[in-house]
Amino acid sequence: MTQLTISSIETLYYDRIYALHGLSLQVREKEIFAVLGPNGAGKTTLLKTISGLLKDQPKKGTIEFSGKRIERLAPERISRLGIVFVPEDRGLFHELTVQENLDLGCWGRKDHQIQTDYEFIYQLFPILKERTQQMVETLSGGEQQMLALARAMLRRPKLLLLDEPSLGLAPMIARQVYDALSQICRAGTTILMVEQNAKLALSIAHYSYIMESGRIVLEGTAQKLHDHKDVQLFYLGMEQETAPAKGWRLYKKRRTW
Ligand SMILES: Nc1ncnc2c1ncn2[C@@H]1O[C@H](COP(=O)(O)OP(=O)(O)O)[C@@H](O)[C@H]1O
Ligand SMILES: [Mg+2]
């Protein structure tokens, strides 16, 4: 079932620079959706627009979450609906301990499932349990990303928005984080992430969009995009098997979208 429907949104900076230019996409419940695209494509702007962090944006278009229009609502209202955003800088409190950051994730909760949720996050990221009294600034990049995800999960999100979860992480650690994302999804949380690391993202995503200059230029199942010649060339860094007739030097490869 569709959980999030974005229709022709336009987000501008300073009222004149289009960061999102008629962007539409849909996210199905309990699946992993990845938006891939180069630096400056508008990926972060997209997540901030959904979260309501850009005041009075989107200027045009609609965003519907579980049948409710949410565009231009205040960020607190959007997060109360179950949309939790983990920003690229992870948004942690560096001078607080791991435990204190996690406690903040539970802020405002009055239910009795907090214990169960702690068990889930410690099972996902056992290392955090050993680090509870440690100050966040002393954690490695990978541990900080794990903590950011753990804290987000304590808010019981229906939809998790992730900005470049693999950024700055060593390949092995990024893999570990990604495996945890698969588990989070299997446990019932929808994930919409934006990534520059197409290979990693396509390894777990069910469906993916490619975004360039504020628009979606291509979409499909992870398999379809993985097999797409131009995606391979521009996003996966794979060599093409056959050289064009004129030879590489004279050949200027054009994207087909
Ligand atoms: N706060 C801002 N003020 C003005 N322009 C911005 C701001 N944030 C991003 N932009 C511009 O919007 C475009 C999209 O940026 P961004 O969403 O950060 O892309 P990505 O996350 O894909 O790298 C870029 O051209 C960027 O320079
Ligand atoms: Mg970005």
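With which side chain does the side chain of Gln 3 make a polar contact?

Analyst: This is a predicted model, in which local features need pLDDT of at least 70 and side-chain atom pairs count only at pLDDT 80 or more, while totals for chains, interfaces and linings use all residues. Residues are numbered from 1 along each chain as its sequence is written, chains are lettered from A and ligands numbered from 1 in the order in which they are written, and side-chain values use heavy atoms, with hydrogens and water left out.

The partner is Thr 190, whose side chain makes a polar contact with the side chain of Gln 3 at 3.0 Å; a polar contact is a pair of N or O atoms within 3.5 Å, and within protein one must be able to donate a hydrogen and the other to accept it, while residues adjacent in sequence count only if both atoms are side-chain atoms. Gln 3 belongs to strand E1, which covers residues 2–13, where strands (E, at least two residues) and helices (H or I, at least four residues) are DSSP runs numbered from the N terminus. Gln 3 counts as buried because its relative accessibility is 4%, and buried means under 20% relative accessible area, exposed over 50% and partly exposed in between, with a 1.4 Å probe and protein chains only.

When its neighbours within four places in sequence are left aside, Gln 3 is in contact (heavy atoms within 4.5 Å) with Val 27, Arg 28, Glu 29, Glu 64, Phe 65, Ser 66, Lys 158, Leu 159 and Thr 190.

For comparison, two other residues can be described in the same terms. Thr 49 has its place in helix H1 and is buried, because its relative accessible area is 1%. Apart from neighbours within four places in sequence, the contacts of Thr 49 are Ile 9, Thr 11, Leu 20, Leu 54, Gln 57, Pro 58 and Ile 63. Pro 87, by contrast, lies in the loop between strand E6 (83–86) and helix H3 (98–105), and Pro 87 counts as partly exposed because its relative accessibility is 22%. From C-alpha to C-alpha, Pro 87 and Asp 227 are 30 Å apart in space, and they are 140 residues apart in sequence.
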